[in-house]
Every structure is written in C-alpha cells, then in structure tokens.
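Keep the sequence and the structure in view while reading.

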Amino acid sequence: MNRPDNLLLPFFAYGIFKPGQLCFPRIKEFVKEYKESYVKGNLKERDGIPLLNSGGSSKVKGYLIYFHSGKEDEAYRRIIEIEPDEVYKWDKVLIDEKIEANVLLGRRDNRGASDLEHIEEWDGRSDPFFTSALEEVEDILNNNPYFSWDYRSLFRLQMAYTLLWSAIERYAGLRYHLGKRVNEKVYQIAYEKSFADALKKHVKQKRVIYSAVDLEKYILDPEAPSKSIKYYYQVRSNVVHRGKSVVRDFDTIKSSLEELLAIFKDVIQEAFKKEG
C-alpha cells in the first residue's frame, strides 16, 4: 500500500489507530499530540473493522494526530505495515470542517459491510468477540458439570476453546495484520508484556502435548511465552483434527481453557488502556 501523497498532513484516526485502540502503540512513539475531532461521513463495519465513508451530514468522531517533525514517513510506514490495502485506501478529508488531514477510507465498503447506524464513534472494546464471546466461554466453564468420561462435557469444552481462539485471532488480526497470515499474527501476541506477565500469573507448571498430525512436541512453560502460545494453539489444532478421540486429553483442554481465558482477559484489558 502506498503512503499518502502529503506526509506532512496530520492523520485522522477513527478506528484501530485511535488512542486507546489496538493499533495506537504502533505509532505512539512518533505522535507529537492528538485531539478529539470529527469528520462528516458515516461508519460501516466489515469483519470487525470500521470503514469510513466520507461526505454527508452525519459526524464521525475520532482523533486528529500530529506526528513529530521528521518522523512522518516512519509513522505512516507503521500504519501501512498492517497491509490494509484490501480494506482501506488513502484520501484527504476536512477535520472539524477546516483542517485537511490524511485518512484511511473504506475500500469497496458496499461489499459485505454493514452500516453502523446512529453510531458516531467506533470502539473496539465493544467487539462481541471481546465481550459476549468471552462471557459465553466463562459461562461454560463455571456452570457446567465436567466428567472426563462424558462426551457432552468434552464437546462443551471443545466448543468453548474454539470460540476463545476465534476471539484471540480477531484480536491478533486487528492489532498486527489485516491479512490472512493467521499463525504469524497470533504468535506475535507472545511478545506483548501483558501476555508474558499473565502467563506467569495464571500458569503454575509446565505441560507437554504432541501434535495429532506429526507428533511434534509442544511445551507450555510460564517462563517461555513464545513456546506457550504455540502450545495453546496446538491444543486448538488437536481439538479440530482429533475430535472425540481427544477424550484422553480432557484435563489438558480444561486446564488450557481456564488458563488462556484468564490470560487473554488480562491482555485485552491492558491493550485497550488509553495512552498519552
């Protein structure tokens, strides 16, 4: 994706790059100042990603972000590193009806996108995968009897674990890369301090599992975030590939679900903190 034509213009962020949203840390070090602003237009959403359609009489709230002098090129490079070219296109808009700024407008927003009617400001914290989905996972954990010999218990755990990973993959997609490289972006979570801290907090001992496909070894280690995220992901893969034959790993799935839910809730809470 190309950079904007004029890198000296400020950047209007209305979605994932707003302060307090998942991608703001990518550009934070280059930000001189920001202020709440608005643009005329309307919001749509596709696959959890906000899309701005400029024009019209409605207002969309966001932040006008000014970068440090001489750092504009690097700041815009950080923005396009998430490869938003299939989702966004660069354009210019008038902020507060008087200040010209660069903005990412929705590309082909008439394809698979839904209108966010009566919503002036998008907030990733309200994504159902970060709210209702996690509540459902927690409900399954807390309000169902579990017996290792009961397939219904096993299937509930499998469903909850798969749903939890859907939420984690949504998070990784919005934070690191809007494309299709699922494993690559999921594994980046291991480098977040909040993940490492939560791993030590919620995991008390090492465990080992083996791939259901090629018998490769995966280790859960509270002192090794990169190994541990791959362990939890392999538990997910085993669930998908082995189905009910994974019954002997009942305790592994239950423990992994309990731990990873607690870890991910801590990661989400830290990720959506408002940063100055």
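The lining of the second largest pocket in this predicted model divides into five nonpolar, two polar and seven charged residues. That lining has 14 residues, and P25, R175, Y176, E192 and K193 are the ones nearest the centre of the pocket. The pocket has a volume of about 280 Å³.

The largest pocket holds about 610 Å³ of space. Its lining consists of 21 residues; D47, I49, L178, G179 and K185 lie nearest its centre. Helices α4 and α5 (182-187) each supply at least two of the lining residues, and α4 has the largest share, with five.

| Pocket | Volume | Lining | Classes in the lining |
|---|---|---|---|
| Largest | about 610 Å³ | 21 residues | five nonpolar, four polar, twelve charged |

Which residues of the largest nonpolar core touch the most other members? They are F11, F17, F67 and Y232, out of 84 residues in that core. Helix α4 (residues 151-176) gives the most to the core, with twelve residues. The contacts of F17 can be listed: leaving aside residues up to four places away in sequence, F17 touches F11, C23, F24, R26, I27, I65, I79, I82 and L104.

N238 sits in helix α7 (residues 225-242). Is N238 buried or exposed? N238 has a relative accessible area of 4%, so it counts as buried, the cut-off being under 20%. The side chain of N238 reaches the backbone oxygen of Y210 at 3.0 Å.

Most residues other than glycine have a negative phi. D96 is not a glycine, yet its phi is positive, near 55°. D96 lies in the loop between β4 (88-95) and β5 (99-106). L215, also not a glycine, has a positive phi of about 65°. L215 is found in the loop between β7 (207-210) and β8 (217-220). L215 counts as exposed because its relative accessibility is 64%, and exposed means over 50%.

Technical notes: Residues are numbered from 1 along each chain as its sequence is written. This is a predicted model: local features need pLDDT of at least 70, side-chain atom pairs count only at pLDDT 80 or more; totals for chains, interfaces and linings use all residues. Side-chain values use heavy atoms; hydrogens and water are left out. A nonpolar core is a set of buried Ala, Val, Leu, Ile, Met, Phe, Trp, Tyr and Cys residues joined through side-chain atoms within 4.5 Å. Buried means under 20% relative accessible area, exposed over 50%, partly exposed in between (1.4 Å probe, protein chains only). Helices (H or I, at least four residues) and strands (E, at least two) are DSSP runs, numbered from the N terminus. Contact means heavy atoms within 4.5 Å. A polar contact is a pair of N or O atoms within 3.5 Å; within protein, one must be able to donate a hydrogen and the other to accept it, and residues adjacent in sequence count only if both atoms are side-chain atoms. On a 1 Å grid over the protein atoms alone, a cavity is a set of points where a 1.4 Å probe fits but cannot get out, and a pocket is an open set with protein on both sides within 12 Å along at least five of seven lines; lining residues have an atom within 4 Å of a point. Grid points are joined across faces, edges and corners, and a volume is the space filled by probe spheres set on the points. Ala, Val, Leu, Ile, Met, Phe, Trp, Tyr, Cys and Pro count as nonpolar, Asp, Glu, Lys and Arg as charged, and the others, Gly among them, as polar.
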